[in-house]
Amino acid sequence: LPILKISRNAKLECLLNNNKNSDFCAPLTSFDWNEVDPNLLGTSSIDTTCTIWGLETGQIVGRTNLISGFVKTQLIAHDKEVYDIAFSRAGGGRDLFASVGADGSVRMFDLRHLEHSTIIYEDEFHRALLRLSWNKQDPNYLATFAMDGQEVIILDVRMPCFPVAKLSNHKAQVNGVAWAPHSSCHICTAADDYQALIWDIQQMPRPIEDPILAYTAEGEINQIQWASTQPDWVAIGYNNFMEILRV
């Protein structure tokens, strides 16, 4: 995982590689930077592991602070490939993170107690779970979706194992999910059906039948982001286009 410094140009600061004895490194599937402690970041890999990295700023050489990285911990997180990792804002926002993988489970970890993890959800059909996203305002909730799945699953970590809601209006595979940065009850989903849908989930645990807003793109939407400092804007990517949508 390369760490770059952006000024006028992109400059490689350091390369995070925990396999020092070989040129081979298992492919990484995702990473997440801790928002509370910027010296921490996590990566997930197809080798069933998650790695938590620490970054250190060394002595100044010229006008540059040298950056180096080291492995704080590496753990076998799942029984199969791990596809995503994300830090939670709960408990101070530094020590808790979750991961999803090809074994169809969502697992939660605490950096202070890594001898065990908590399985908070397992897909009933054992489908691989591709992505997870924490609610930006209420860290009790997270969203995930399965490979080839047409629904987004909302979980409450206080009530593990059972979804508190399923968002099921997409007609093709879901590819992305993004929580509103300013509201705990709004979430946007995107899929191969060309649709970006915004949902209001405040009536949970009652079923959420329909989205409150919908946008149809000109292609299969493969990524979506909700602007953290400008919450009126959502970005989607499809084909070779990116569109900025006003909510």
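Predicted model: local features only at pLDDT ≥ 70, side-chain atom pairs only at ≥ 80, totals over all residues.
Close-up 1. Searching the whole structure turns up 3 aromatic pairs. In the pair formed by Phe97 and Phe109, the rings are stacked, with 5.1 Å centre to centre and 15° between the planes. Phe97 sits in strand S8 (residues 96-101) and Phe109 in strand S9 (residues 105-110), so this pair ties together parts that are 12 residues apart in sequence. Phe87 joins in as well: ring pairs link Phe87, Phe97 and Phe109 into a cluster.

**Close-up 2. The hairpin made by S3 and S4.** Strand S3 (residues 28-33) and strand S4 (residues 40-45) run antiparallel, and 5 bridges join them. The two strands form a hairpin, with 6 residues between them. To get your bearings here, find Ser30, which stands opposite Ser44 in S4.

**Close-up 3. Arg94 meets Asp37, loop to loop.** A salt bridge brings together the side chains of Arg94 and Asp37, at 3.1 Å from N to O. Arg94 is in the loop between strand S7 (82-87) and S8, while Asp37 is in the loop between S3 and S4, so the pair ties together parts that are 57 residues apart in sequence. Is Asp37 buried or exposed? Asp37 has a relative accessible area of 16%, so it counts as buried. Arg94, with 30%, is partly exposed.

**Close-up 4. Arg127 and Asp123, another salt bridge.** A search of the whole structure finds 12 salt bridges, and here's one of them: the side chains of Arg127 and Asp123 meet at 3.0 Å, N to O. Asp123 is down at 2% relative accessibility, so it counts as buried. Arg127 is partly exposed, with a relative accessible area of 25%.

**Close-up 5. Lys166 reaches Glu151.** These two side chains, from Lys166 and Glu151, meet in a salt bridge at 3.9 Å, N to O. Which parts of the chain does the pair tie together? Lys166 belongs to strand S14 (residues 165-167), and Glu151 to the loop between strand S12 (141-146) and strand S13 (152-156), so the pair connects parts that are 15 residues apart in sequence. As for Lys166 itself, its relative accessible area is 33%, which means partly exposed.

How values were computed: Residues numbered from 1 in each chain as written. Heavy atoms only, no water. Pairing = 2+ DSSP bridges. Helix = DSSP H or I, 4+ residues; strand = E, 2+ residues; numbered from the N terminus. Phe/Tyr/Trp six-rings, centres within 6.5 Å; stacked < 30°, edge-to-face > 60°. Salt bridge = Lys/Arg side-chain N within 4 Å of Asp/Glu carboxyl O. Buried < 20%, exposed > 50% of the residue type's maximum accessible area, 1.4 Å probe, protein only.
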